[in-house]
Amino acid sequence: MRMTDIQRCEIRPGRLVEWTLSPGTLDLAAALPEDTRPPAYIQESHIRTARSVREDGLFVPTWLGAAFDIPGPVDLDVLQEALRAWTLRHETLRSGFRWSAGDGEDGKDGKDGGTMRRFTLDADAVALHREDVGEFTDAGDLARHLQDRFDQVADALRWPNLIYTAVVRDDGVGVYMAFDHSNVDAYSIYRIPAEVSELYAAGAAGRSVPRPRVASYVDFCEAERADADRIDASHDVVARWREFIRRCDGRLPSFPVDLGLRPGGPLPEQRLLREPLVDAADAAAFEAYCRPYGGSLVGVLAATALIVHEIGGEPVYRTVVPFHTRSRSQWAESVGWYVGGAPIEVPVDRARDFPAALRAVRAELQANRRMSRMPIDRVLRLLGTDFRPTSPDLYSIVSYVDARDVPGADDWPDRTAYALLRVSYGDQVCAWVTRLPEGLWFASRYPDTDVAHKNLRLYVERLRDVVTSVGQKPAD
């Protein structure tokens, strides 16, 4: 699925219908006892950051979403049941958090506003409420309405923080779904079109779909946190992060080019850059060239290291590389935020060409990838870092994902399927390179300044040049 925002997902007018959790479901949730399974560190960091930024007077929406078409005519009752059945598969979507007074534990005392306590609904307690919003004749008005509605509902500081909508037209429906980031990652979003479409097709044909045993992200949160809490400040991973942050001048790394930001200025609005990078043939040639070094991820990072050195002049490219934490097959179909980060340092002043950069990146990833299994937010607590960030992004990223094996990937163009980003505020650069059946797709959100736009535009053009040029060479 191509990443974009709600304004650029080929939305078409029609009659808008939306689903949220029913009032009866909310009443049941309000009376639930505590679920002792804790939040994941990444969830807690995300929600605390949202609250901190909100208290500073800025509302920063952070939802992710999915957009796709179901050809019609479509029975809305059947679609509603398909959406409900899909929701029931994934426990995290019926699990939320309440705040209680601080209990004095590490990182959870009154200084940061108390403790997050989980509650979780049973599957049979979940019902959807449908509302017919009305007819929209202008695609721009519809996109603006959906963005405003998603901002309101899919908010980190409320529960439930998910919403499903359908735009009904004569030739079918466009489905648009949004979730606060605390419950989903990109891979979760990629799986949605095929799973919901399969459930709808079965319901329309009068067939039942056996409920699969999908592992719970809530269980993963508990297990991951228990492992993370076993380490202390003397652990090797903590020591390596400490040295990395020291070499980053005491901060986590930003994108090392001029972004036109004023030191100490307000959190800037962001802008979206999204476009095809190269076609399928060039993507395959690039992968073939990079395979001896570890594949396209290594290639994208090596190219980035050379390009940002060319633009910004930094002798060492330091970044945090995102990796999924679905380390066991049981988590493969689970919706959740399964992402960790590993630090790398590429001495580009000594890696004068692409093969040398590839070797340097490969060595860094081989040495450090295992560090992504330890939540960085646990590490930061052990380092004594102030847990009141002023930006929703802890650091800049360049991510690479091969999405071609996701179920239904070949149908994404025909289904007008997109992964939706909410672009709002932030002082970092977040870039995603996605391998699709049709080639490589680039998307990035970055500070909306003239300088940042010029340098991001230059970065993308040079990245395209590197990918196409090395694909024409034999691997060293």
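Residues are numbered from 1 along each chain as its sequence is written. In this predicted model, local features need pLDDT of at least 70, side-chain atom pairs count only at pLDDT 80 or more, totals for chains, interfaces and linings use all residues, and side-chain values use heavy atoms, with hydrogens and water left out.

**Exercise 1.** Determine how helix 9 and helix 12 are oriented to each other, and which residues make their contact.

*Solution.* 
1. Helices are DSSP runs of H or I with at least four residues, numbered from the N terminus. Helix 9 covers residues 296-312 and helix 12 covers residues 450-470.
2. Their axes come within 10 Å and cross at roughly 135°. Axes are lines fitted to C-alpha atoms over the stretch in contact, and angles run from 0 to 180 degrees between N-to-C directions.
3. Angles under 35 degrees count as roughly parallel, over 145 as roughly antiparallel, 65 to 115 as roughly perpendicular and the rest as oblique. Helix 9 and helix 12 are therefore oblique to each other.
4. Helix 9 contributes A303, T304, I307, E310 and I311 to the contact (heavy atoms within 4.5 Å); helix 12 contributes N455, L458, Y459, R462, L463 and V466.
5. By class, this contact of helix 9 with helix 12 has 7 nonpolar, 2 polar and 2 charged residues. Ala, Val, Leu, Ile, Met, Phe, Trp, Tyr, Cys and Pro count as nonpolar, Asp, Glu, Lys and Arg as charged, and the others, Gly among them, as polar.

**Exercise 2.** Carry out the analysis for helix 8 and helix 12.

*Solution.* 
1. The axes of helix 8 (residues 280-290) and helix 12 come within 8 Å, crossing at roughly 70°.
2. Helix 8 is therefore roughly perpendicular to helix 12.
3. D282, F286 and Y289 of helix 8 meet V467, T468 and V470 of helix 12.
4. The contact of helix 8 with helix 12 comprises 4 nonpolar, 1 polar and 1 charged residues.

**Exercise 3.** State how many cavities of 30 Å³ or more the structure holds, and describe the lining of the largest cavity.

*Solution.* 
1. A cavity is a set of points on a 1 Å grid over the protein atoms alone where a 1.4 Å probe fits but cannot get out; lining residues have an atom within 4 Å of a point. The structure holds 2 cavities of 30 Å³ or more.
2. The volume of the largest cavity is about 40 Å³, a volume being the space filled by probe spheres set on the points.
3. Its lining consists of R2, A409, W412, P413, A417, L436, P437 and E438.
4. These divide into 6 nonpolar, no polar and 2 charged residues.

Note on methods:
Helices (H or I, at least four residues) and strands (E, at least two) are DSSP runs, numbered from the N terminus. On a 1 Å grid over the protein atoms alone, a cavity is a set of points where a 1.4 Å probe fits but cannot get out, and a pocket is an open set with protein on both sides within 12 Å along at least five of seven lines; lining residues have an atom within 4 Å of a point.
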